[in-house]
Amino acid sequence: MSLIGRLFVILFGFLAACLVAGIIVVGAVLFPEFSDFSDSQIDPSALNVILGFGFIFLSGFALLPATIVVLITEAFYIRSVLAYALGGGLVGLACYLGLIPFDPDTLRFDGIVRRHLEIMTGAGIVAGLVYWMIAGRNAGAWREPRRPLTPPPPLPSHSPAPPPPAS
């Protein structure tokens, strides 16, 4: 039963990490456009659509690489915050490189934009930290046996006897 509960925690942690990464990516990509608005207000419904798109986009592309990182950390009981930050950065890097065309003749990626690479990697690092806060701190804990309950301490010798059970 603890495995099923752990799967729900992992799913919730992944969705929260994708939401945070989506907000970071969308905010960073739209940052130059935010500086062009002088005194006009940003339409909240358009911002909600963009944030929703960023969440869906990142959760779809990050599912396989993030699943690999989660399986490794759960299998080896890895609970280090640094491991999750590094794993998140690698997931962000993998998501970005998955969108860039690869030339097999020269074994190079064509069209890498350094700013976009930094945004995706940074968003992955923050997403890894969010995932660690929700689910990574207890990685592999579902396999550990539960601690037995310790009996209460004995009553002092001068305490009154407990009342007899009512029938």
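A: The largest pocket has a volume of about 410 Å³. A pocket here is an open set of points on a 1 Å grid over the protein atoms alone, where a 1.4 Å probe fits, with protein on both sides within 12 Å along at least five of seven lines; lining residues have an atom within 4 Å of a point. The volume is the space filled by probe spheres set on the points, which are joined across faces, edges and corners. This is a predicted model, in which local features need pLDDT of at least 70 and side-chain atom pairs count only at pLDDT 80 or more, while totals for chains, interfaces and linings use all residues. Residues are numbered from 1 along each chain as its sequence is written, and side-chain values use heavy atoms, with hydrogens and water left out.

The lining of the largest pocket comprises 26 residues, and Phe14, Ala17, Ala62, Ala66 and Val91 lie nearest its centre. Helices H1 (2-36), H2 (44-75), H3 and H4 (114-134) each supply at least two lining residues; helices are DSSP runs of H or I, at least four residues, numbered from the N terminus. By class, 20 residues of this lining are nonpolar, 6 are polar and none is charged. Nonpolar covers Ala, Val, Leu, Ile, Met, Phe, Trp, Tyr, Cys and Pro; charged covers Asp, Glu, Lys and Arg; the others, Gly among them, are polar.

The second largest pocket holds about 240 Å³ of space. Its lining has 14 residues, with Val25, Val29, Phe57, Leu99 and Met120 nearest the centre. H2 gives the most to this lining, with 5 residues. The lining of the second largest pocket divides into 11 nonpolar, 3 polar and no charged residues.
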